[in-house]
Amino acid sequence: MYTPAHFAASPEAVDSLLTGARAANLVTTSEHGLLATLLPFVYEPTVGEHGALHAHMARNNTQWSSPAIGESLMIVQGADAYISPSWYASKAEHGRVVPTWNYSTAHVYGQLVIHDDADWLGRHVRRLSNHHEAGMRDPWSVEDAPQRFIAGQLRAIVGVELLISRVEAKAKLSQNRPAADIDGVIAGLRERGDAASAADVERARTS
């Protein structure tokens with residue numbers, strides 16, 4: 001990934017991105033060529049040497065049964081936003097400004113492990129659902145559904161584990177702009193209702 005030094009993500013930013021993201025694109029190379037699937041995942045930092053991403057996919061999806069050649073990749077995307085040059089104080093000073101795009105992303109590489117095992121899948125779907133239900137007023141639990149029904153659902157999926165070997169991450173969040181321009185970006189994003197992107201820019205300027 002092309003990453004200028006001022007856009008390099010800190011270890012804390014990488015951890016936040018992997019912990020907070022909801023889904024990622026799994027990309028594998030097989031004898032049939034490139035395959036890709038968007039999968040909800042949970043980051044497990046204590047698994048393996050560098051952590052792991054745990055996910056699942058439909059049993060009918062042939063990506064899991066097509067052996068991956070070499071490393072596999074999961075592309076994790078944080079908040080992203082169009083940045084208008086009209087938000088920059090520099091526009092009024094000299095006009096030499098253009099639009100850009102802010103974003104945070106991590107390319108997570110590693111060995112793909114398939115888990116066709118009800119116990120592993122049961123633990124995974126509980127972890128995944130508990131993670132996303134945590135903020136709900138009336139959180140749903142796997143135990144709320146009939147056990148026989150859940151068993152049938154688990155038979156329709158397979159587990160996917162990416163054992164992380166390396167992470168390339170980038171946080172392009174207006175760090176290359178003057179302080180007044182960054183103020184304008186934060187204000188513009190908040191006015192547009194994009195609180196997540198505004199918060200990312202705020203964190204990047206103080207890190």
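Modeller: Here is a short tour, from the overall layout to single residues.

Modeller: First, the ground rules. This is a predicted model, so local features need pLDDT of at least 70, side-chain atom pairs count only at pLDDT 80 or more, and totals for chains, interfaces and linings use all residues. Residues are numbered from 1 along each chain as its sequence is written, and side-chain values use heavy atoms, with hydrogens and water left out.

Biologist: How many helices and strands are in the protein?

Modeller: Six helices and six strands. Helices (H or I, at least four residues) and strands (E, at least two) are DSSP runs, numbered from the N terminus. The pattern along the sequence is α-β-β-β-β-α-β-α-α-β-α-α.

Biologist: And what does the C-alpha trace span?

Modeller: About 65 × 45 × 30 Å along the principal axes. Of the 207 residues, 41% count as buried. Buried means under 20% relative accessible area, exposed over 50%, partly exposed in between (1.4 Å probe, protein chains only).

Biologist: What share of contacts join residues at least 24 apart?

Modeller: 73%, among contacts between residues at least 6 apart in sequence. Contact means heavy atoms within 4.5 Å.

Biologist: Now the charges. How many salt bridges does a search of the whole structure find?

Modeller: Ten. A salt bridge here is a side-chain nitrogen of Lys or Arg within 4 Å of a carboxyl oxygen of Asp or Glu.

Biologist: Which side chain does Arg166 meet in a salt bridge?

Modeller: Glu71, at 2.8 Å, N to O. Arg166 lies in strand 6 (residues 157-172), and Glu71 lies in the loop between strand 3 (52-58) and strand 4 (72-83), so the pair ties together parts that are 95 residues apart in sequence.

Biologist: Is Arg166 buried, exposed or partly exposed? What about Glu71?

Modeller: Arg166 is partly exposed at 36% relative accessibility. Glu71 is partly exposed too, at 38%.

Biologist: What angle do helix 5 and helix 6 pack at?

Modeller: About 155°, with their axes 8 Å apart. The axes are lines fitted to C-alpha atoms, for helices over the stretch in contact, and angles run from 0 to 180 degrees between N-to-C directions. Helix 5 and helix 6 are therefore roughly antiparallel. Angles under 35 degrees count as roughly parallel, over 145 as roughly antiparallel, 65 to 115 as roughly perpendicular and the rest as oblique.

Biologist: Which residues make the contact?

Modeller: From helix 5, they include Ile182, Val185 and Leu189. From helix 6, Ala198 and Val201 are among them.

Biologist: Back to charges. What does Arg192 form a salt bridge with?

Modeller: Asp194, with the closest N and O atoms 4.0 Å apart. Arg192 is partly exposed at 43%, whereas Asp194 is buried at 18%.

Biologist: Last one. Where does Lys91 lie?

Modeller: In helix 2 (residues 89-93). Lys91 is partly exposed at 46% relative accessibility. Leaving out residues up to four places away in sequence, Lys91 touches Pro85, Ser86 and Val97. The C-alpha atoms of Lys91 and Gly152 are separated by 59 Å.
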